Amino acid sequence: MAHRIITINRMYGSGGRLLGKALAEKLGIGFYDKELIQLASEKNQIPYKELEKVDEKKASQWRLPVKEQMQMQPQYHFHPMNDVLFETQSQVIQELYQKEDCIIVGRCANYILGDKCFSLFVYAPFEYRVQSIMERLGREEKSARTLVKKMDKTRKSYYEFFTDEKWQDLSNYQMCIDTSRFDQEFLLKILADVYNAL
């Protein structure tokens, strides 16, 4: 049986993860972000900490992102751990579609599920996101600016590498929300209505 899935891609600092978690709690459904790493870890018997290093990152041609000893095991030889994680998470995401209603953050889930999901892109102006990261993580402004740029670049690179589609191409999503324009309660009401209409 197919289930209702909302996928969320998000600019760093836009609050997409927080919005997704709050929506899952409001709806009483599953929420998957870093939980997908844990499921992939259990599926492949690879330590969580090793997979976390490559989560939502494309492989680097210059270095191995995990312990060389593990990367050189026969089953992973010449197969970057980034790819192992992406492929395993893709399987997990397809299994979730058959298993339960839920919200999935990142991991190219909208691409993996295609028209089987409701895809959402969460964004906000750069200055708003910098301020958000300063408040949330207690960073200085310069550090927050650097982090927002770096994380956006990483997410864009990851998404475009594994999908061959543009991360910020709004036609890839069924709804796009600027979180700087509305408070969370209003957005939760709208998204709960969307979920109930699926």
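Residues are numbered from 1 along each chain as its sequence is written, and side-chain values use heavy atoms, with hydrogens and water left out. Because the model is predicted, local features need pLDDT of at least 70 and side-chain atom pairs count only at pLDDT 80 or more, while totals for chains, interfaces and linings use all residues.

Trainee: At what angle do helix α5 and helix α8 pack?
Mentor: Helices here are DSSP runs of H or I with at least four residues, and strands are runs of E with at least two, numbered from the N terminus. The axes, lines fitted to C-alpha atoms over the stretch in contact, lie 12 Å apart for α5 (residues 81-99) and α8 (residues 141-163). The pair is therefore roughly perpendicular, a class that spans 65 to 115 degrees on a scale from 0 to 180 degrees between N-to-C directions. The angle itself is about 70°.

Trainee: How many disulfides does a search of the whole structure find?
Mentor: C108, at 1% relative accessibility, counts as buried, and C117 is likewise buried at 6%, the term meaning under 20% relative accessible area with a 1.4 Å probe and protein chains only. A disulfide is a pair of cysteine sulfur atoms within 2.5 Å, and the number found is 0.

Trainee: Is D164, with its positive phi, buried or exposed?
Mentor: Most residues other than glycine have a negative phi. D164, in the loop between α8 and β5 (175-178), has a phi near 60°. With a relative accessible area of 73%, above the 50% cut-off, D164 is exposed.

Trainee: Which side chain makes a polar contact of 3.1 Å with the side chain of N110?
Mentor: N110 is found in helix α6 and is buried, with a relative accessible area of 6%. A polar contact is a pair of N or O atoms within 3.5 Å, one able to donate a hydrogen and the other to accept it within protein, and residues adjacent in sequence count only if both atoms are side-chain atoms. The partner at 3.1 Å is Y159.

Note on methods
Parallel < 35°, antiparallel > 145°, perpendicular 65-115°, else oblique.
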